[in-house]
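Biologist: Please take a close look at the aromatic rings of this protein, and follow them into the packing of its helices.

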Amino acid sequence: MRKRLLYVTVLVAVVLWGGSFIVTKALLESLNTFQILFIRFFVASVIFVPFLILRRSKVRWPDRKDIPLIVFAGIVSLGAGYLFETLAVSMTTASNVSLILTLDPIIIALLASFFLGEKIRQNAAYVALAFAGAVLVVLSDGAAITFNRNDIGGGIVIFVSMLCFAYYSIVGKKLVRVYDPFVIMAYMTFIATALHTVVAFFSGGFQAIQQLSASQWLGALYLGGLCTVVAFSWWYNALIHVDVSHLALFVYLIPITTIILSYFVFDERIGVLKLTGALAIILGVWLATRKKKLGKKENRKSPQITQNGHSLASS
């Protein structure tokens, strides 16, 4: 019964992450990128505080020597990463962004091979299949191939965002082997909040934020509270009791959720070509990242996962 409840919380978490692109797209109709990022991380920071207070006696707090790495990771992943992601959502469709972000595990593996010298276990054909699917998603419009400037630009920007998220997944391995991942994410959120506050201040964002409507604050609560704090907490709680391999497939529900919600909220149609590209991405990433059974029980390892569930790589 308890394990069934854990799976339910994981399912809710990935659905929340899939809906985050929809909420961001809706907020972009009345707010700019910097304003959205500020209110999102401000809300997340406020909610993180009581969580940390409750866990203060149960976790190891970061040593002073590791603070610079945490600060830099917060700036790169939650600062620059979400900046580029939100910009991409403003340029192209929510489903495009969600689908392309599914490539994150492959990006992480490639960067880990380049920077850390880790052996590449991914089959080149599966990687090529996933990237070909991403190109098809970006260029497809219904049943035709187009070269829409915004879609192509959004695809490039979200790729830069993936590089930022992948950076944390690589350097974060050192951190989560020593500290509670929830605490590290909280620290990084505080850093990102400080960064987005400065940017919002100099971009004149505070004036508009003072006039936010109730629906806009609900959107901020959804992004900062539910997606960043609650869903992340549920995911790592499940990892304590369930093997990573059992949870990995849930991540592929994120783009599916986004596509379904985009259809109902924005009347966004997905044509045959885009559907083909979506299936190619999901199939290619799944084949490239699946683990072969070795006859031994798989150890439970905490994967690196960004706040929207983008990156999933065993540490």
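Modeller: Rings of Phe, Tyr and Trp (its six-membered ring) form a pair if their centres lie within 6.5 Å; planes under 30 degrees apart are stacked, over 60 edge-to-face and the rest tilted. By this rule there are 13 aromatic pairs. The model is predicted, so local features need pLDDT of at least 70 and side-chain atom pairs pLDDT 80 or more, while totals for chains, interfaces and linings use all residues. Residues are numbered from 1 along each chain as its sequence is written, and side-chain values use heavy atoms, without hydrogens and water.

Phe72 and Tyr167 form an edge-to-face pair, because their ring planes stand at 90 degrees, with the centres 5.5 Å apart. The two lie 95 residues apart: Phe72 belongs to helix α3 (residues 67-91) and Tyr167 to helix α7 (residues 149-176), a helix being a DSSP run of H or I of at least four residues. Phe72 is partly exposed at 45% relative accessibility, and Tyr167 is also partly exposed, at 23% (buried is under 20%, exposed over 50%, partly exposed in between, with a 1.4 Å probe and protein chains only). Elsewhere, Phe48, Phe51, Phe182, Phe232 and Tyr236 make up one aromatic cluster.
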